[in-house]
Amino acid sequence: MQKKKWFVSYVLKPKGEDHVTTHAFIEGDDVEEALEAFMFETKKSLALESEELTLLSVSLV
């Protein structure tokens, strides 16, 4: 079975800095699992706290 692809929009707002709206494509069998993994890896790689990353939208492509 082919994996589904979603377009994700989110805002990064590190403490003491301006916010940045950005976008990404994620793939997976289940949107919740793919989104959770994506958000975890994004926070980890940018050393962000949960409140510094806000999900705006998720759309199936």
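**Sheet, helix and nonpolar core of the predicted model**

In this predicted model, strand E1 (residues 4-12) pairs with strand E2 (residues 20-28) in the antiparallel sense, and the pairing runs over nine bridges. Within this pairing, Val-8 has Ala-24 in E2 as its bridge partner. E1 also pairs with strand E3 (residues 53-60), again in the antiparallel sense, here over seven bridges. One of the bridges to E3 joins Val-11 to Thr-54.

Taken together, the three strands form an open sheet with antiparallel pairing, and their order is E2-E1-E3. E2 and E3 stand at the edges and have a single partner strand each, so one side of E2 and one side of E3 are left without a neighbour in the sheet. On average, neighbouring strands of the sheet are turned by 25° against each other when direction is ignored. Helix H1 packs on the sheet and touches E1, E2 and E3. The direction of H1 makes about 40° with that of E1.

The side chains were examined next. In soluble globular proteins, nonpolar side chains tend to be buried together. The largest nonpolar core of the model has 12 residues in all: Trp-6, Val-8, Tyr-10, Leu-12, Ala-24, Ile-26, Ala-34, Leu-35, Phe-38, Met-39, Leu-48 and Leu-53. At least two residues of this core are supplied by each of E1, E2 and helix H1 (31-46). The bridge partners Val-8 and Ala-24 are both among the core residues.

Leu-35, another member of the core, is found in helix H1. The relative accessible area of Leu-35 is 15%; because buried means under 20%, Leu-35 counts as buried. When residues up to four places away in sequence are not counted, Leu-35 touches Val-8, Ile-26, Leu-55 and Val-58. Of these, Val-8 and Ile-26 also belong to the core. Leu-35 and Val-58 are 23 residues apart in sequence, and their C-alpha atoms are 8.8 Å apart in space.

Met-39 is also part of the core. Leaving aside neighbours within four places in sequence, Met-39 is in contact with Leu-53 and Leu-55. Leu-53 is itself listed in the core. Leu-55 is touched by Leu-35 and is in contact with Met-39.

Definitions and conventions:
Residues numbered from 1 in each chain as written. Predicted model: local features only at pLDDT ≥ 70, side-chain atom pairs only at ≥ 80, totals over all residues. Heavy atoms only, no water. Pairing = 2+ DSSP bridges. Helix = DSSP H or I, 4+ residues; strand = E, 2+ residues; numbered from the N terminus. Core = buried A, V, L, I, M, F, W, Y, C linked by side-chain atoms within 4.5 Å. Buried < 20%, exposed > 50% of the residue type's maximum accessible area, 1.4 Å probe, protein only. Contact = heavy atoms within 4.5 Å. Axes fitted to C-alpha atoms, helices over the stretch in contact; angles between N-to-C directions.
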